[in-house]
Amino acid sequence: MPQLDFTLPHWAYWLGLIVFPIIAATLARRPKPKERRYFLALGYFILVTGGILGLHRLYLKSLIGLLYIPVFICILFANSQGHDARSVVSDMSNLVRQAERTLERETERVASAEKELPAMRQKLTEAEDGSFAKRRAERDVKRAEQRIEQGTSRIQEAEASLETARPAEEKALEDLRFWNNVGKYAFWLLLAGVLIDAVLLPGLVRKSNRNLPPDPELSEAEKKLKAIEDAERKDDASHVSTGWTGWIDRLSLMCGEFVSYWAVIAVIVYYFEVMSRYVFGSPTNWAHEAMYLMFGMQYLIAGSYAMLTEAHVRVDIFYAPLSRRRKAVVDLLTSVFFFIFAGTLLVTSWVFAFDAIAVPSGNALVSDWARGEIGFVEMLGNWNLSQWSDPNIRWGEISFNEWEVPLWPMKWVMVLGGLLLVLQGISKFAQDIRALMGRA
């Protein structure tokens, strides 16, 4: 199988987190077509992301897509068998190397002992009975005989290991080459099918749209059920208040919607990781870290959105039956605990963010300023394009794995999340005051 050695550049990671939600939100706000139909752009998107599974064919309701699945399973099976054969090759190679080293070492030791043994025995016969020289000669002879006996036994074991390990290694190498070829040819077969479908896709979309049956008309009961569902469905925008607090609510709503599209990025990245690991045998060193850092930032930024839409978990057994004014009283009394938490989060995040920039390994002007080595005006006066473009300049803390992504932006997202949460708490506090005064 061909290898897929790709590491996501840091700039592409951050660009994707910023640009993808903007594009996704723009597409989501487009007017929905009145009639059901297939789209060529979506077909190509599925072709690129899931073409080797035939998902583009299945999207167009084409049963030919089922032909991709057994070939894909063949690739997975071939890679699994190749992995097992590679393990056997590794084990047998180690066994052969150990046996060869044992033969080399023990053969020399046995030959040396056999060469010295006649002189030792002669020395033993010449030594006086009961003397120290006699006992020492007996001990030397016994050690030499033991060395010969043990060495001979180890040589025999090593030779036996070589007799079994070498054929097993050759057999495993043959199996490895065979399954690698099976996986490789199956992959090229899938790739050829994907390339052919890339050319045929416009025609396939047109054909599928021509064959689409008309949308069935809803019955009266279905229309009533749909009307009830539409009435019960509460839009997030309905949580936005009036007055100056509405600006804060809209900010929380916008930030929550923005990071919600990151979940789609996670699906794409983990799909790529699974494909690269199990199809190409090339696991990534960045996918897992990129996603758990992304989800951490998403959790922090979406906190204010969850507070706005009342999505946080709480016990409603006593709270839910209360009137609006009584709820406002309860919220005002308990808000002190919220502001302690949110304020602590904001302050500690600020400390973490500055510490991340001021690490000793940071050699950027902003790191020098964060450490107090230069002033703010001096930092701005010496700023130039190389502070952004020079790969040798490090702004601050980076991760410890091979990807080495900068961690200081995540720490500043913690500050942003804490700030949004405090602002949303102020908005909720003001709205509770209004409700208590009968203005809401």
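**Surface.** I looked up the accessible surface of the chain, which comes to about 27900 Å², with 64% of it belonging to carbon and sulfur atoms. Accessible areas come from the Shrake-Rupley method with a 1.4 Å probe, and for residues only the protein chains shown count as cover.

**Basis.** I note that this is a predicted model, in which local features need pLDDT of at least 70 and side-chain atom pairs count only at pLDDT 80 or more, while totals for chains, interfaces and linings use all residues. Residues are numbered from 1 along each chain as its sequence is written, and side-chain values use heavy atoms, with hydrogens and water left out.

**Burial.** I found that buried residues (under 20% relative accessible area; exposed is over 50%, partly exposed in between) make up 37% of the 440 residues in the chain.

**Overall form.** I read a radius of gyration, taken over C-alpha atoms, of 36 Å for the chain, whereas a compact globule of 440 residues would have one near 22 Å. The globule rule is 2.2 Å times the number of residues to the power 0.38. Along the principal axes, the C-alpha atoms fill a box of roughly 120 × 65 × 55 Å.

**Elements.** I recorded 14 helices and zero strands, these being DSSP runs (helices H or I, at least four residues; strands E, at least two) numbered from the N terminus.

**Helix α1.** I located Ile22 in helix α1 (residues 10–28). Ile22 counts as partly exposed because its relative accessibility is 47%.

**Contacts.** Among contacts (heavy atoms within 4.5 Å) between residues at least 6 apart in sequence, I noted that 74% join residues at least 24 apart.

Terms used
Buried means under 20% relative accessible area, exposed over 50%, partly exposed in between (1.4 Å probe, protein chains only).
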